[in-house]
Structures are given as C-alpha cells and as structure tokens.
Amino acid sequence: MHAIEILGLSKDYPVGFWKKALRPALKLLNLTVEVGEAFGFLGPNGAGKTTTLKILMGIIIPSAGSAKILGRDFRDPEIKTRIGFLPEQPYFYDYLSATELLDYYAGLSGMGRAERQKRIGPVLERVGLSDAGNKQLRKFSKGMLQRVGIAQAIIHDPEVVFLDEPMSGLDPLGRHEVRELIQGLKDEGKTVFFSTHILSDAEALCDRVAVIHKGELRGVGVVKDLRSAVAGKSEVVWEGAHAAAKVAALLVDSHVTGDIVRGTVPSSDLDRLLEKLRQESARLVSVTPLHGTLEDYFLANTTEKEAVIS
Amino acid sequence: MISRLSAITLNTFREAVRDRVLYNLVLFVLLLVASAPLFGEISIGLERLILVNVGLSSISLFGVIIAVFVGIGLVSKEIEKKTLYTILSRPVRRWEFIVGKCCGLLVTLVTNTALMTVGFYIALLATAHSLHRSDANILVAIYFIVLQLMMMVAITLLFSTFSSPIFSAIFAFALFVIGTFAEDLKNFAAMASGGARWLVTALAYVVPNFASLNVISQTAHGQAVATSLILFNTLYAVLYSAAVTAGAVLIFERRNLK
Amino acid sequence: MLTLFAGSIFSRHKVENLRGKEATLEEVLYLPSGKTVKRLSLGYSGLLADIYWTRAVQYFGAKHTVHSTQYALLYPLLDITTDLDPKLIVAYEYGSVFLSQPPPEGAGEPEKAVTLTEKGIRENPEYWRLYFTLGFIHYMDLKDPRSAQRAFQKGSEVPGALPWMKVMAARMAERSKDIETSILLWQGIYETVADKDVRNAARTHLDSLLADRAITQLEQQVQIYRQRTGTLPASWGDLIRAKLIPGVPLAPKGEPYQLKANGKVDVEDPTQYRYLGEWQHNNWLPF
C-alpha cells in the first residue's frame with residue numbers, strides 16, 4: 001500500500017469572457033509516495049503544487065483523475081482522521097486562543113475530550129508555543145501562526161502530513177525550527193508530503209522529490225540520483241583574461257575579476273579547455289570538480305530562468 | 001456526526017459572542033427605557049400598548065439585522081480568510097459545515113431574543129405595574145419572530161454560499177421586505193392571468209410568508225393566537241428553512257473554493 | 001469636529017423652518033391609503049399606528065391652540081392610524097368627537113366621523129361603547145335622532161353592554177329635545193373615553209350644560225319668589241330664607257352663581273362656560 005497515489009489528476013479552469021477557453025492548471029499528474037517517506041513537491045510559483053494539494057484535501061474538485069491516500073479514495077471522509085494539512089500562509093479564527101483552536105480542531109478530527117486534553121499541551125510544546133497557549137490568535141506573529149498551523153496539522157496524530165510551503169515567510173531561525181519539526185515527524189515514521197520552492201530545504205529533508213512545471217510533472221527521483229544527473233562539471237580558475245573570449249564557447253559560465261577568470265566547464269570538455277588555455281599562455285590557478293545541485297536539476301527542467309531564492 | 005455538528009455550532013456561537021454581537025442588547029434596553037414614557041405623554045393608557053409595539057418591533061428588527069449581517073459572513077468570510085481549508089481537510093462533511101454554521105447563528109439569535117424578552121417583561125412590569133394572563137400571548141409573538149429569524153438565517157446562508165457579502169445582504173433584506181407582504185403577492189397573482197399569473201404565484205410561494213408570522217399587533221391588544229396557527233406556522237417555518245438550507249448545501253458542495 | 005456638527009444643526013434648523021411645521025404630514029396628502037402604508041410597514045404596523053396616532057393628536061392639538069377652523073388632515077391621519085391598527089379604539093373615539101364637532105372645536109366633518117366609527121365597529125364588534133359614540137354623533141352633530149336610536153339599540157344588544165344603552169335608545173325614540181339628553185350623552189362620553197383631550201372637551205360641555213340646567217331651575221325659583229313676595233330677591237339669602245333653595249348654589253366649577261338685579265341668574269365668569277346657552281340655539285331641524 002502506498003501512502004499517496006495520484007492517478008491522472010487534471011484540473012482545468014474556464015477562462016475568458018465567455019468562460020469557454022480552458023486553462024490547464026494540472027495535466028494528468030501521476031505520482032506515488034511511499035509510507036514513511038519525506039517527499040518534496042517542487043516547482044516555481046504557479047506550477048500547480050497548491051492546486052494538487054487543494055484537490056487532495058477536497059477544496060477543489062478535479063476535472064479528471066483520482067487519487068488514493070493510505071489505500072482509500074481521497075474523497076473518503078474517514079481517511080481525513082489520518083491526515084493533517086497545513087495550507088500556505090494559513091489563517092485561523094483570530095478570536096480563538098491557540099489552545100481553543102487545537103481543542104476545536106482535534107474534536108472535529110474525532111478525538112475525544114480526554115484525549116484532547118492530554119495531547120494539546122505536548123503538541124504546543126513541540127512547536128514551541130507552550131507559553132502562548134492562551135493568547136488570542138489575532139495577536140500572533142506570522143511565525144507563531146505557522147507553528148500553530150503545524151500544531152493543528154499534527155494534533156490528531158495523523159499518519160500522513162501535507163504541508164504547503166511550510167517555510168514561507170519565516171526568518172532563518174523559524175525555518176530552522178520548522179526543518180527540525182519535519183525531521184521529527186519523519187523520525188516518528190510519518191509520511192510527509194510538502195511543497196516548496198526552496199530547494200536547499202528539499203535537499204536536506206527529502207528522500208525523494210518531484211519537479212512540476214506549468215502543471216506537468218518534469219521529473220521524479222531520489223535526490224542523490226537527480227543531483228548526479230546534472231553533475232560532471234568542473235570549475236577552472238586562471239590568470240589571463242585575454243584567453244576568456246577564446247574559450248567562451250566551452251564554458252557554461254564565467255566571472256572575470258581583474259585578470260583572474262573563474263569559469264565552469266562540463267567535465268567532458270575539461271581537457272580541451274586546459275589545452276586552449278595553455279595555447280593562450282594563461283596561468284592555471286586551480287581546477288575543482290563540482291557536485292551537481294538540485295538547483296541545477298531544477299533549472300534544467302524548468303525553462304523559465306527565474307531567480308530562485310535559497 | 002453529532003459531535004462535529006455541535007462543535008461547529010458552538011464555535012459559531014462563540015465567534016458571534018466574541019465579535020460582540022450581543023452588545024446590541026444595550027441599545028435595545030436604552031430604546032425600551034427611553035421610548036415608553038415619551039409616548040405615554042401623548043396619550044394616557046397607551047403606554048403599555050406602545051411599549052409592546054416598540055419592544056416587539058425592536059426584537060424583530062434587531063434580530064433580522066443580526067441574522068443578515070452575521071449570516072452574510074458565515075460562509076464567505078471563511079472562504080475569503082481561508083480558515084475553511086483546515087476545516088475541510090478534516091473529516092467534516094461540507095453539509096455538516098453549513099448546517100453547523102446555520103445552527104450556530106440560530107443559537108446566537110435565540111439567546112439574544114431570550115435576553116431581550118427578559119428585559120422586555122421587566123420593562124412591561126415597570127410600566128404596567130402588574131402582568132396579566134394575556135401578557136403571556138406576547139410570548140407567542142416572540143416565538144413567531146424567532147421562526148422568522150430562522151428563515152432569514154437560512155435565506156442569508158443560501159446567498160452567502162455563492163454571492164459576495166454585499167449582494168447577499170441586499171438580496172436577503174429584499175426578501176425580508178417582500179416577505180412581509182407575501183400575501184399581497186398572492187392577491188396580485190389572482191388578478192393577473194396566463195403566464196404572468198403562474199409566475200407571480202410561484203414567486204409568492206418562493207418568497208417567505210412573514211405576514212402570517214406577524215402577530216405583534218394582535219398580542220399587543222392582549223389577544224390570543226390560535227393553537228392551530230402556531231402549529232402550522234412552526235411546520236411551515238421549519239420546512240421552508242430546511243429546504244433553503246438544503247439548497248445552500250447543494251450549492252456549497254459543488255463549489256470550487258479559491 | 002464640534003464646529004462642523006454645530007454648523008450642521010444650524011443648517012438643519014433652517015431647513016426645518018423652511019419646510020414648515022407640517023412637513024411630517026406632507027406625505028399624508030400623497031399617500032393613497034392606509035393599506036399602502038400598512039404594506040410599507042414591514043410588519044411593524046402596530047408601531048406605525050402608534051406613530052400616526054401621535055401625529056394626529058399633535059396635529060389637532062397644535063391647530064386647536066390657534067383656534068383654527070381647518071382640520072383637513074385629521075380624518076386622513078385617523079384613517080391611516082386605524083388601517084394600521086384596527087384595534088386602536090382610542091383613535092375611533094377621538095375621531096368621533098373631534099371630527100364631528102363644529103369648528104373651531106372640531107373639524108366639522110360628522111359624516112367622516114360616522115364612517116370612522118362604523119369602521120371601528122366593524123373591526124371591533126364586541127366593543128359596544130363605539131355604538132354609543134356613533135349614536136352621539138348622529139344626535140349631536142347630524143341632528144338625526146332616528147339613526148341615533150338605531151345605534152343605541154344595536155349597541156344595547158351586544159353582550160356585556162350596560163343597560164343604560166337601552167335608556168338612551170328610549171330617549172331617542174321619544175325624540176327628546178331636552179337638556180337631559182345632552183347631559184347624558186356628554187356624561188357618557190366623559191365616562192367612556194379614556195383620552196384626556198376628549199375628556200376635557202366633554203367636561204367643558206358638561207359644565208356648561210349643568211350650569212344651563214341649574215340656571216333655568218334657579219330662575220324658576222326666582223319667579224316663584226317673586227310670585228310669593230311681589231319683589232325680586234336681592235340675594236341668595238332671600239331664597240334660602242324662603243326655603244326655595246337649600247344653600248348658596250355653586251356652579252360646576254365651584255364658584256357661586258350670580259343673582260342679577262333683574263332676576264336673571266348667571267355664572268361669575270362666562271368665559272369659563274363657553275357653551276352656555278348653545279344647546280338652545282343649535283340649528284335644530286323639526287323632526
């Protein structure tokens with residue numbers, strides 16, 4: 001049994017004045033996530049990540065396709081006692097306190113009163129909100145809201161946790177704490193499915209990732225494998241800016257500072273570059289093999305050259 | 001199911017209280033206290049009548065205003081603020097959400113009305129210096145007002161599932177106004193002919209009949225209300241509200257939420 | 001902010017002065033009927049009825065103070081009031097007196113008073129006292145004792161009616177043209193209607209009528225004295241000593257009657273008894 005199984009999920013939005021044309025937000029998505037995995041769902045803004053999550057949660061109705069969570073149809077209401085969801089930039093009833101919110105939500109998820117009273121304290125502590133338990137949510141900072149969001153996603157001890165951009169809007173300390181939390185969930189054996197466009201987080205936490213762009217799946221795989229798909233580059237540093245123009249064709253990119261040139265070249269072209277430089281009487285400073293990064297893979301598969309902030 | 005429904009109901013009530021909806025009671029009390037002696041100056045012996053008229057009309061009007069202004073936000077606020085997302089990710093059925101919200105607002109209104117009723121009877125006692133048995137008939141008028149409020153909640157909720165708050169408010173108030181002369185609509189229908197007659201008759205039945213739920217004048221003069229009227233009005237209000245709520249559920253279940 | 005608000009009050013004052021005192025009543029002239037107002041009342045017709053009633057009273061009161069002879073809006077206001085709340089008895093009673101009385105006491109529209117009172121009877125068939133007011137109008141202002149008799153008769157048949165209704169019916173049948181009937185009618189109004197304006201009017205009429213009756217009787221005693229003694233009495237003391245009257249006669253307001261030199265009796269201050277002698281000068285048509 002897979003934790004999550006997405007089969008041919010599609011979503012089209014009617015656009016235009018007469019609502020006749022269709023804009024595809026998701027095109028025949030097929031994806032499987034195993035139990036206990038930490039799975040990263042990557043893509044630029046507008047790729048379809050949030051659409052996918054909203055369909056799985058029943059917020060949006062798909063145009064075609066289906067999905068299964070823990071072997072049951074994703075629309076089965078009973079399965080929702082075993083999953084948790086943190087939406088992007090969450091907002092909660094601001095007239096409630098954190099404790100009241102968790103109590104309310106846990107009750108809706110089927111937990112009995114005694115059980116709720118036992119769990120709320122520890123969960124608040126786990127997300128670092130134990131002193132803010134009785135404060136009204138309208139007074140919470142963004143980071144605190146994010147933590148409440150995670151708390152409500154796990155209060156009922158679900159087996160699968162869905163997180164949509166869990167790091168968004170957090171400062172580095174906050175991001176670190178959320179990373180720790182996700183790691184903790186992994187350690188507990190839960191399946192974590194989270195979408196993000198911050199690749200370093202995905203690299204650090206995920207077992208497998210999928211890259212989605214313009215509603216289409218571009219690639220799925222273990223992080224290590226994806227990285228090496230774009231590996232095989234070397235960085236060469238030399239003195240002799242005059243040679244830069246001659247070897248430009250071989251380089252992937254280059255920086256010139258004074259007379260020092262720093263260039264990146266595919267490993268297959270390394271020898272040719274060194275030969276050319278010798279011909280031009282450039283003085284070699286260093287040659288360093290580079291590891292592929294997820295970013296490289298990402299950029300290779302998403303044709304827009306968007307600036308991705310890590 | 002019951003526990004989820006009651007949880008949503010209570011939370012909706014809690015929201016209304018914390019949003020200080022109940023502060024309208026202060027205005028109500030002020031109104032009661034100020035108005036009766038004023039009118040009594042004009043015509044002695046009418047103090048009690050005017051107090052009952054002012055009191056019951058206020059209970060009704062305040063109730064309708066709350067029903068509409070809180071009702072328009074019941075669903076649309078949750079969609080706009082996205083608080084709905086984390087609710088739907090839980091085993092809450094969409095219909096449970098609608099019904100729970102509806103009941104929550106109803107509980108708020110019943111509580112509000114009950115408190116107003118207590119205040120009203122105190123004022124009545126102070127003005128008339130004693131209560132007659134016929135004063136109990138006023139409770140029937142208040143009960144009918146609550147039935148009207150129940151229908152208004154359902155109507156507002158229906159609009160709230162697909163329309164923006166402003167339009168929901170306009171449509172809901174419009175239906176309230178038309179509902180007060182629903183019986184006239186039926187008379188107009190009788191005067192029309194052919195297709196127009198069908199249309200107006202249909203409209204007359206779709207629109208809530210608030211005219212027959214209004215016994216304020218009657219009970220203000222101390223008259224009783226027939227038990228059969230009480231029974232059938234209750235049945236009508238409950239069935240109408242249920243039908244409209246069902247409509248709201250149907251629309252809400254098909255909605256893609258942004 | 002305060003200055004702005006004060007300025008707004010000033011301008012509002014000006015606007016209200018421009019519109020005149022009867023601005024709130026303007027729409028009464030343009031509304032087709034009470035039924036329309038009822039439709040617009042959103043179910044709060046009882047409250048609206050109370051408001052229109054208040055307007056009617058203020059309208060009449062204001063005009064009455066300046067001795068106006070025109071009360072054009074009184075009937076429409078009362079008509080709308082009773083359309084909104086058909087059970088507002090006091091409106092019918094108020095109308096029956098002040099619509100029917102000739103100006104400047106009233107609007108001088110007895111037919112409209114009859115219409116209004118009959119509406120009241122239709123809507124409140126168990127309230128027999130409205131038959132009394134109906135009879136009152138027919139007798140007093142329409143000079144129609146037959147219709148008055150019919151009204152009193154019908155009223156006496158309503159369960160719970162006081163037997164005195166039958167008495168009034170009988171008096172009508174006798175076509176009595178005497179002061180007693182007038183006294184009984186005004187007394188009936190005074191005791192029946194709770195409205196203070198109506199009661200004041202009834203009181204004023206009653207005082208004059210009682211004074212009229214007393215003066216007639218006192219002048220009769222003066223004549224008896226003259227027949228016995230051959231002279232007119234000089235003071236009340238003479239009549240008392242002659243055992244013709246028990247004591248100094250007091251007028252309804254408490255002050256003693258004046259014995260004139262020519263044997264006539266009068267009240268000390270005729271302005272207090274406006275209707276003195278009127279009942280005799282009423283425009284009676286022979287039955």
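**View 1. In this predicted model, helices α2(A) and α3(A) are oblique to each other.** Why oblique? The angle between α2(A) and α3(A), residues 113-126 of chain A, is about 130 degrees, and angles over 145 would count as roughly antiparallel while 65 to 115 would be roughly perpendicular, so this pair lands in the oblique class. Their axes sit 10 Å apart, and α2(A) goes past α3(A) in a right-handed crossing. On the α2(A) side, look for Ala98(A), Thr99(A), Leu102(A), Asp103(A), Ala106(A) and Gly107(A). Facing them from α3(A) are Arg116(A), Arg119(A), Ile120(A), Val123(A) and Leu124(A). Sorted by class, that contact holds 6 nonpolar, 2 polar and 3 charged residues.

**View 2. Helices α1(B) and α5(B) are also a helix pair in contact, this one in chain B.** Here α1(B) covers residues 2-18 and α5(B) covers residues 94-128. They pack at about 45 degrees, and their axes are 7 Å apart. That angle makes α1(B) and α5(B) oblique to each other, and α1(B) passes α5(B) in a right-handed crossing. From α1(B), the contact takes in Arg4(B), Leu5(B), Ile8(B), Thr9(B), Asn11(B), Thr12(B), Phe13(B) and Ala16(B). The α5(B) partners include Glu96(B), Phe97(B), Val99(B), Gly100(B) and Lys101(B). Further along α5(B), Cys103(B), Gly104(B), Leu105(B), Val107(B) and Thr108(B) join in as well. The tally for this contact is 9 nonpolar, 6 polar and 3 charged residues.

**View 3. Chain A meets chain B through 24 of its residues, which contact 21 residues of chain B.** Which elements of chain A each bring at least two residues to the side touching chain B? Those are β6 (83-86) and α2 (98-108). Helix α2(A) gives the largest share, 4 residues.

**View 4. Chain C puts 16 residues in contact with 22 residues of chain B.** Which helix supplies the largest share of chain C's side? That's α4 of chain C, residues 45-65, with 6 residues. Chain C's side splits into 6 nonpolar, 4 polar and 6 charged residues.

Note on methods. Residues are numbered from 1 along each chain as its sequence is written. Chains are lettered from A and ligands numbered from 1 in the order in which they are written. This is a predicted model: local features need pLDDT of at least 70, side-chain atom pairs count only at pLDDT 80 or more; totals for chains, interfaces and linings use all residues. Two residues are in contact if their C-beta atoms, placed from the backbone, lie within 7 Å. Ala, Val, Leu, Ile, Met, Phe, Trp, Tyr, Cys and Pro count as nonpolar, Asp, Glu, Lys and Arg as charged, and the others, Gly among them, as polar. Axes are lines fitted to C-alpha atoms, for helices over the stretch in contact, and angles run from 0 to 180 degrees between N-to-C directions. Angles under 35 degrees count as roughly parallel, over 145 as roughly antiparallel, 65 to 115 as roughly perpendicular and the rest as oblique. A crossing is left-handed if the near helix is turned anticlockwise from the far one by less than a right angle, and right-handed if clockwise.
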